[in-house]
Amino acid sequence: MTMSKTNIGQELSSAVRPAIVMTILFAALLGIVYPLAMTGIGQALFPAQANGSLVRDAAGRVIGSTVVGQAFTSERYFQTRPSAAGEGYDGLASSGSNLGPASRVLAERVAADVAKRRSEGVRGAVPADLVTASGSGLDPDLSPEAARAQAPRVATARRLSVGQVRALIDAHVEAPLLGAPHVNVLALNRALDGLSPEVFGR
């Protein structure tokens, strides 16, 4: 028994039509409805996080984010770890250096960073996060050890005692249930300005 061309066309149509309908349905559901629902829930329950965890100064100006690092270069501030994201902390070029442990370029860069930290007064073992970049290049945190290693430099630049600066660091150590203790550099630097008032800047 052979099927006519009309019957074959009808069979194909009945098979293709549901596939097209399901494709359109799921494209609308997963490409429009679901993202809008998640955005709405985020804005309703976690508005600060959904909008970038932005930090504002007393005048309402955005000065940073608690989840994205920035480069502090002044001796008066705690400095973040090196960044390989673009020119440094570029959110549009988030990445690590992609250099392996046997890379001469990496070894030379780390050696230069160690020398820089030594010139700033860091003594003893240099904490790894002061001379190595994070995988994202946007890490906003330092280990407590990396922050404490910078305390003498900051204290000298601010004309504060090292004890004052170290107490400030200890007050800003966050110890999550999962992960290592860390210090948010932006929060620490803002608190630092509270000890020796000045216009917040880099």
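A: Here is a walk from the sheet to the helices and the core beside it.

First, this is a predicted model, where local features need pLDDT of at least 70, side-chain atom pairs count only at pLDDT 80 or more, and totals for chains, interfaces and linings use all residues. Residues are numbered from 1 along each chain as its sequence is written, and side-chain values use heavy atoms, with hydrogens and water left out.

Let's begin with the sheet. It is open, and its 3 strands lie in the order β3-β5-β4 with antiparallel pairing. At the edges are β3 (141-142) and β4 (173-174), each of which pairs on one side only. Strands here are DSSP runs of E with at least two residues, helices are runs of H or I with at least four, and both are numbered from the N terminus. Two strands count as paired if DSSP finds at least two bridges between them. β4 and β5 (residues 182-184) are antiparallel and are joined by 2 bridges. Across this pair, Val 173 stands opposite Val 183 of β5.

Contact means heavy atoms within 4.5 Å.

Next comes the largest nonpolar core, with 24 residues, of which Phe 78, Leu 130, Val 165, Ile 169, Leu 188 and Leu 192 touch the most other members. At least two residues of this core come from each of α4 (144-149), α5 (151-158), α6 (162-171) and α7. The biggest share is from α7, with 4 residues. Such a core is a set of buried Ala, Val, Leu, Ile, Met, Phe, Trp, Tyr and Cys residues joined through side-chain atoms within 4.5 Å. Buried means under 20% relative accessible area, exposed over 50%, and partly exposed in between (1.4 Å probe, protein chains only).

Look closely at Ile 169: beyond its neighbours within four places in sequence, its contacts are Phe 78, Pro 144, Ala 147, Arg 148, Ala 151, Val 183 and Leu 188. Val 183 brings us back to β5, opposite Val 173.

Finally, α5 has the buried residues Ala 151, Arg 153, Val 154, Ala 155 and Arg 158. These pack against α4, α6 and α7. After α5 comes Arg 159, with a positive phi near 60°.
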